[in-house]
Amino acid sequence: MDPVTIVAVDIGGTKIACGLVTLGGDAPQVSAVEKVPTCAMEGGAHVLARVIDQVKAAVARAEGPVAGVGISSAGVVNPRTGDITFANELMPGWGGTALGAEVTAATGLACRVLNDVHAHALGEARWGGGRDAQSCLVAAVGTGIGGAFVERGQIMLGAHDEAGHIGHVCCPAAAGVPCSCGATGHLEPIAAGPGIIREYVRLGGDESLPDGTPVDGAEIDRRAAAGDACAKAAEARAGRALGEVLGSMCNMLDPSCVILSGSVAQCGPDWRDAMEEAFKEQAMPPVATTPIVGGELGGDAPLIGAAENFVKSGYADF
Ligand SMILES: [Zn+2]
């Protein structure tokens, strides 16, 4: 494929990142990325106007022609239409936005839209930690837990474009624990970053730093490395819960690899050893050898995934 440059946009609840992604060489080239606040509370129409402004500015920064616009957005996305079909209270009025059609109408450029977790996963699967793998189970573990299954470059969307919500899968250690989705017993409230902090404090860990600021996940990881028993236990519980769910999911999907990204995936051996041990306990014999690798694209993953989705239809109708 000859190199092609796409305007790539990543729309989150707090910031909009927009830049140029060139695909067609050995590795994607990401350039001219600029970030502006989303100002989500000003409403969907305002966010849309900001996105269009950013796209036009990126086109002006490009040194050559751009083929179109690839967008990664928070919310539930219908990739076949480019519409935002649902967004939560963090982006009021974003749900219902005909994002792809509006961007095309304002810029004259073809546009494709993908959910941000799906875009992140597609980027990592095609160009990052999974570039040599036929299929990948991707989990992003940070303040929440998102996921996706990608096979031969195709995102599994599901019937409601919501497939991959690995944070909202039952896990034994979460029995009775309320989840942000309204159910109880799901993985996210105990295995995402805030759950690790809650468990650390519950076990008696010191919830603040010497200067009085609340302890964060990185600090708990440092304390675990230094031998703090509460920190070690909180990380091990979260790692174990994630490993169990990943093992169960791999029995179902049998991916070539698992890609873990997000801040929690950077945790040290107390978390990782527990995660890997629980994975091996749950996974069936051939599946237990599935490599668990790190994401490689960092914050560029959704931009690269959005561009990839534009170039190659990154979805399948299941
Ligand atoms: Zn849930």
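Is R152 buried or exposed? R152 is exposed, as 10 other C-beta atoms lie within 10 Å; a residue counts as buried with 20 or more other C-beta atoms within 10 Å of its own, as exposed with 12 or fewer, and as partly exposed in between, with C-beta atoms placed from the backbone.

The structure is a predicted model, in which local features need pLDDT of at least 70 and side-chain atom pairs count only at pLDDT 80 or more, while totals for chains, interfaces and linings use all residues. Residues are numbered from 1 along each chain as its sequence is written. The mean pLDDT (the predictor's confidence in each residue, from 0 to 100) of the protein chain is 95, and 98% of its residues reach 70 or more. Over residues 314-318, however, the pLDDT is below 50, although this stretch has 17 contacts in the model beyond near neighbours in sequence; two residues are in contact if their C-beta atoms, placed from the backbone, lie within 7 Å. Where pLDDT is low, the predicted coordinates should not be read in detail.

The chain is divided into domain 1 (4-123 + 299-316) and domain 2 (132-295), with bounds from an automatic or database domain assignment. Their centres, taken over C-alpha atoms, are separated by 27 Å. Contacts join 15 residues of domain 1 to 15 residues of domain 2. On the side of domain 1 that touches domain 2, β5 (76-78), α3 (116-127) and β13 (315-316) each supply at least two residues, and α3 gives the largest share, five residues. Helices (H or I, at least four residues) and strands (E, at least two) are DSSP runs, numbered from the N terminus. By class, this side of domain 1 has nine nonpolar, five polar and one charged residues; Ala, Val, Leu, Ile, Met, Phe, Trp, Tyr, Cys and Pro count as nonpolar, Asp, Glu, Lys and Arg as charged, and the others, Gly among them, as polar.

In helix α2 (residues 99-107), the buried residues are L99, G100 and V103. They fall within an arc of 95 degrees seen down the axis of α2, so they line one face of the helix; the arc is that of the directions from the helix axis to the C-beta atoms. Their cover includes α1 (44-61), β4 (68-73), β6 (83-86) and β7 (111-115). After α2 comes G108, with a positive phi near 75 degrees.

Most residues other than glycine have a negative phi. R152, in the loop between β9 (145-151) and β10 (154-156), has a positive phi near 50 degrees. D254, in the loop between α7 (229-253) and β11 (257-261), likewise has a positive phi, near 45 degrees. D254 is partly exposed, with 14 other C-beta atoms within 10 Å.
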